[in-house]
There are 2 protein chains.
Amino acid sequence: MPDLSDVAAVAGVSKATASRALNGSGLVAAETAVRVVAAAARLGYVPNRAARELARGRSGIIAIVVPTLDNAFFTPIIAGAQARAEEAGLQLTVAVHALDAAGAFDRLARQVDGFLVVAPRGNDTLVASSGSAKPAVLVDREIDGMTSVVADTASAFGTLTTRLAAEGHSRIVYVGGPPGSWQDRQRTAAVRDAARQAGSELTVLGPCPATFTAGVEVTPAVLETGATAVVPYATSIGLGLLLALGTRGVDVPRDLVVSTEPTVIEALGLEHTPAIDVDGEELGRTAMDLLTRQLDGQDEPGRQVRLAVPVRG
Amino acid sequence: MPDLSDVAAVAGVSKATASRALNGSGLVAAETAVRVVAAAARLGYVPNRAARELARGRSGIIAIVVPTLDNAFFTPIIAGAQARAEEAGLQLTVAVHALDAAGAFDRLARQVDGFLVVAPRGNDTLVASSGSAKPAVLVDREIDGMTSVVADTASAFGTLTTRLAAEGHSRIVYVGGPPGSWQDRQRTAAVRDAARQAGSELTVLGPCPATFTAGVEVTPAVLETGATAVVPYATSIGLGLLLALGTRGVDVPRDLVVSTEPTVIEALGLEHTPAIDVDGEELGRTAMDLLTRQLDGQDEPGRQVRLAVPVRG
DNA sequence: TTCGTTGATGGAACCGGTTGCAGAGGACCC
DNA sequence: GGGTCCTCTGCAACCGGTTCCATCAACGAA
């Protein structure tokens with residue numbers, strides 16, 4: 001396993017020059033640099049991550065902190081972040097903090113260069129302070145002063161509600177998400193506004209955990225309202241609704257329109273059913289981009305990015 | 001940020017002794033060790049991972065390679081492995097290899113101490129060779145000579161089929177999984193055997209990707225067989241079936257029994273419906289245990305563990 | 001011709017741990 | 001009392017890079 005001295009020897013230069021050449025420091029004569037790079041390639045040299053990390057004082061590791069992996073909303077975010085991390089030569093480690101977020105941060109803070117924080121719920125100050133030790137990017141939530149990227153689902157939920165109302169749904173149900181969810185607050189407000197402006201009657205149910213079981217359980221309450229359209233906080237809740245409605249013989253979408261996401265709508269061939277299309281991978285990619293820019297000093301903390309969320313169907 | 005010399009100074013010993021004390025080498029007098037540990041605790045000392053890694057020549061990083069995160073079967077495995085890794089003081093990095101598994105291994109092999117390989121499909125020799133550079137544990141698949149842990153779903157599928165037959169289902173459908181899936185081969189064989197022995201007629205459909213869309217799409221074919229019970233390869237396929245059956249007005253389970261997993265059965269209140277209960281987290285935990293034992297030299301490669309899978313309902 | 005600059009390079013310290021080896025000191029045996 | 005062995009400890013080398021600083025050659029200007 002060749003090391004930097006081997007490369008230097010083959011190229012006929014010192015370790016120092018070899019290091020500079022391979023890192024493109026610009027202080028090396030072009031011709032020398034070419035020689036070094038060629039030598040490295042010939043030997044199949046791969047830098048030792050640990051040594052580099054020790055010398056540079058940076059680990060090259062980013063942690064993405066998620067509350068759970070059981071939620072299909074989070075996994076694309078991880079996948080997107082992972083892809084970008086790989087491109088940037090960084091390792092991504094996934095930390096699941098069911099409850100003990102603070103503990104997870106403390107343990108990891110010394111080990112990583114930065115955090116991607118997916119913390120849909122919980123106290124603002126707590127979340128903010130957790131990421132204070134190292135650069136952090138908050139995903140799908142906004143807190144003043146923290147860099148963040150969110151999918152603008154609030155607008156999308158508003159649009160979707162407006163559209164439903166325009167199609168004649170005068171009674172609409174919104175099934176709310178988990179208690180304390182930042183996105184749920186945004187969405188509830190947006191749906192309320194849209195319904196009021198369109199003159200539709202809105203019932204807000206919930207809170208519900210983002211699971212299909214919760215969707216099943218909330219079904220009777222939804223039917224009781226006599227609504228003709230239901231907008232669930234999460235796709236998983238929507239799936240639960242669809243399943244339960246099926247076993248109860250309710251005709252979807254004739255008797256009740258259930259908005260979920262495009263793949264579901266399409267697979268089931270549902271008509272007259274609007275759906276919001278959140279690109280989780282893009283969320284992950286953007287978050288990682290924001291973090292690397294911050295690590296490179298190209299960005300100040302505090303930048304807030306909103307990704308538009310299309311409404312389909 | 002305290003370092004080992006600080007700890008040593010406070011404890012009144014040398015770096016060497018401090019290091020040994022903190023790593024429990026046993027060469028340190030008990031009383032000295034206590035002093036060092038106390039000093040470390042007081043200073044809030046956290047060892048520098050990079051330095052340790054460089055000195056030891058091991059990275060303390062394990063990679064878990066999964067084909068995708070979009071499949072709810074894999075995520076609990078990751079969660080379980082993650083939990084165990086944390087206990088063992090190891091970092092876990094998640095590598096997603098949609099297609100390019102070999103590439104993922106090459107890139108990572110220098111960076112990590114070992115692999116957890118989740119590769120349900122694909123060629124045996126390819127999978128086996130991928131993990132050859134570093135210790136590896138294969139998850140939910142068996143290949144001769146490789147350490148592995150599998151959920152014994154084949155037996156469970158057999159039991160489940162037997163039970164369905166015993167309850168009077170003389171026509172059963174098995175909806176097969178993705179092409180080339182190792183588990184699918186095992187399950188198909190087990191289901192075939194059980195059906196034959198019980199004298200039930202079995203139709204095997206598929207192959208199907210493990211998605212709920214595939215479940216929706218296969219529904220007409222299932223209904224066409226006239227079967228009264230269907231056993232899908234994956235929960236996601238089962239959910240698709242249930243959704244599509246609901247929109248078609250088929251009464252589940254009266255007209256057709258769909259076996260899925262306990263949470264689904266329970267949430268929907270389905271009766272007469274057996275379900276297999278795979279503990280994905282246990283799979284992940286066991287895999288990580290096997291790997292750490294191998295890294296510590298306590299185990300030889302090649303050990304194969306099978307976890308029993310209960311059939312409920 | 002000589003001096004000051006600039007650009008390229010090398011020497012060596014350093015990052016923060018681990019570990020081989022040697023040595024100090026005490027216990028035990030002859 | 002002297003020698004041997006054992007236990008515990010410290011010194012210093014080492015892991016493989018990065019980077020500060022000094023050096024040196026070449027070149028333009030005075």
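**Entry 1: buried cysteines**

Buried, in this notebook, means under 20% relative accessible area. I'm working with a predicted model, so I keep that in mind throughout. I started with Cys208(A), which has a relative accessibility of 6% and therefore counts as buried.

Cysteines made me think of disulfides. A disulfide is a covalent bond between the sulfur atoms of two cysteines. How many disulfides turn up over all chains? My search of the whole structure came back with zero.

The bond joining Gly206(A) and Pro207(A) is a cis peptide bond, with omega at about 0°. Pro207(A) sits in the loop between strand S7 (201–205) and helix H10 (212–224) of chain A.

On to chain B. Gly206(B) and Pro207(B) are joined by a cis peptide bond, and omega is about 0°. I found Pro207(B) in the loop between strand S7 (201–205) and helix H10 (212–224) of chain B. I noted both bonds down since most residues other than glycine have a negative phi, and most peptide bonds are trans.

**Entry 2: His272 and its phi**

His272(A) isn't a glycine, yet its phi is positive, near 55°. I placed His272(A) in the loop between helix H12 (262–268) and strand S10 (275–276) of chain A. Is His272(A) buried or exposed? Exposed means over 50%, and His272(A) has 58% relative accessibility, so it counts as exposed.

His272(B) also went into the notebook: it has a positive phi of about 55° and is not a glycine. Its loop runs between helix H12 (262–268) and strand S10 (275–276) of chain B. At 60% relative accessibility, His272(B) counts as exposed.

Next I looked at Asp152(A), in the loop between strand S5 (147–151) and helix H8 (153–166) of chain A. Which side chain of opposite charge is nearest to Asp152(A)? I got Arg306(A), 4.7 Å away. A salt bridge needs a side-chain nitrogen of Lys or Arg within 4 Å of a carboxyl oxygen, and buried Asp152(A) has no salt bridge. What I did find is a polar contact: the side chain of Asp152(A) meets the side chain of Ser155(A) at 2.8 Å.

**Entry 3: around DNA strand C**

Then I turned to the DNA. I listed 26 residues around DNA strand C, and the nearest are Ser14(A), Thr32(A), Leu4(B), Ser19(B) and Tyr45(B). Which part of the strand does the protein meet? Of the atoms of DNA strand C within 4 Å of the protein, 59% belong to sugar or phosphate, and the rest are in bases.

I wrote down some individual pairs. A polar backbone atom of Ala29(A) is 2.9 Å from a phosphate oxygen of DNA strand C. On the base side, an N or O atom in the side chain of Arg20(B) is 3.4 Å from a base oxygen of DNA strand C. Also on that side, a base nitrogen of DNA strand C lies 3.4 Å from a backbone N or O atom of Ala51(B).

Which elements give two or more residues to this surface? I have helix H2 (15–22) and helix H4 (49–56) of chain A, together with helix H2 (15–22) and helix H4 (49–56) of chain B. H4(B) gives the largest share, five residues. Sorting the surface near DNA strand C by class, I get 13 nonpolar, seven polar and six charged residues.

**Entry 4: around DNA strand D**

For DNA strand D I listed 25 surrounding residues, the closest being Leu4(A), Ser19(A), Tyr45(A), Thr17(B) and Thr32(B). Sugar and phosphate make up 61% of the atoms of DNA strand D that come within 4 Å of the protein.

Arg20(B), which I had already noted at a base oxygen of DNA strand C, has a side-chain N or O atom 2.8 Å from a base oxygen of DNA strand D.

H2 and H4 of chain A, along with H2 and H4 of chain B, each supply at least two residues of the surface near DNA strand D. Here the largest share, five residues, comes from H4(A). By class I wrote down 13 nonpolar, six polar and six charged residues.

Definitions and conventions
Residues numbered from 1 in each chain as written. Chains lettered and ligands numbered in written order. Predicted model: local features only at pLDDT ≥ 70, side-chain atom pairs only at ≥ 80, totals over all residues. Heavy atoms only, no water. Near = heavy atom within 4 Å. Polar contact = N/O pair within 3.5 Å; in protein donor to acceptor, adjacent residues only side chain to side chain. Helix = DSSP H or I, 4+ residues; strand = E, 2+ residues; numbered from the N terminus. Nonpolar A, V, L, I, M, F, W, Y, C, P; charged D, E, K, R; others polar. Disulfide = S-S within 2.5 Å. Buried < 20%, exposed > 50% of the residue type's maximum accessible area, 1.4 Å probe, protein only. Lys, Arg positive; Asp, Glu negative; His and termini not counted.
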